[in-house]
Each structure stands twice: as C-alpha cells, then as structure tokens.
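Thanks, everyone. I'll keep this short. Please have a look at the screen while I talk.

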Amino acid sequence: MPFCEECAKYWAPSAMREDGSCPSCGRVLEAPKVASTTPSHRRVTAENIDIRRLASGDVESEAKAPWHFKLLVVALCLYLGWRVVDLFL
Ligand SMILES: [Zn+2]
C-alpha cells in the first residue's frame, strides 16, 4: 500500500488519483499501474510465482522471520562464539 510521507497516511490504490499521486498533497507515490490492463489471474510461470510465499501459506504479508527465530540465531552465535573462546582458554 502506498504511503505518503507528507501526509503520514496510507492510501489505497483506488483512493489515489489516476496518475498515482496523493489526493491531498499531490505527491506522486506510485507510478500509474500498467498492470491494471492485464488480467489479474495471469498464467503461473517460473518468473512470476513466489515459492517462498506459497510455502509459508502467508499470502497477505511479506515473508518475514519471526522474532523467536532471530533470538535463536543470536543465541546460536553467542554459543558458537563461546565455544571458540573456550578452545583457547
Ligand atoms: Zn500526501
């Protein structure tokens, strides 16, 4: 969803002007969609399929690592770092 920094507001693509500019300040937020002329249900090809999105089952939001996974990675780094330090003690 396009975000206008000037107005600190998110705009639905349908709420914006035809040329993709902000309805209140006129800043161009998004290039006008050429894709609107193409059908929404395109053929699935190797170029346009998003395997990671399909695998996660999360169609709405962008694929993102959960916080506990990051915590696990940090803990692993600390542990392995300690093991390296331990070698020289
Ligand atoms: Zn604006």
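Where is Ala8 found? Ala8 sits in the loop between β1, residues 3–4, and β2, residues 9–10. Now the backbone. Ala8 has a positive phi of about 50°, and yet it is not a glycine. Most residues other than glycine have a negative phi.

Next, Gly26. This residue belongs to the loop between β2 and α1. Is Gly26 buried or exposed? Gly26 is exposed, with 12 other C-beta atoms within 10 Å. Gly26 and Cys4 are 22 residues apart along the chain. Their C-alpha atoms are separated by 9.6 Å.

Now the whole chain. How many helices and strands are there? The chain has two helices and two strands. In sequence order the pattern reads β-β-α-α. The chain has 89 residues, and buried ones make up 4% of them. Contacts next. Take those between residues at least 6 apart in sequence. Of these, 7% join residues at least 24 apart.

On to helix α2. It covers residues 67–87, which is 21 residues. From the first C-alpha to the last, α2 reaches 31 Å. That is close to the 30 Å expected at 1.5 Å a residue. How many of the residues of α2 are buried? The number is zero, so α2 lies largely in the open.

Last topic: confidence. The mean pLDDT of the chain is 81. Of its residues, 80% reach 70 or more. Which element has the lowest mean pLDDT, and which the highest? Helix α1, residues 51–56, has the lowest, at 73. Helix α2 has the highest, at 95. A word of caution on reading such a model. Where pLDDT is low, the predicted coordinates should not be read in detail.

Ala8 has a positive phi. Gly26 is exposed. Helix α2 has zero buried residues.

Conventions: Residues numbered from 1 in each chain as written. Predicted model: local features only at pLDDT ≥ 70, side-chain atom pairs only at ≥ 80, totals over all residues. Helix = DSSP H or I, 4+ residues; strand = E, 2+ residues; numbered from the N terminus. Expected span 1.5 Å × (residues − 1). Buried ≥ 20, exposed ≤ 12 C-beta atoms within 10 Å, placed from the backbone. pLDDT = per-residue confidence, 0-100. Contact = placed C-beta atoms within 7 Å.
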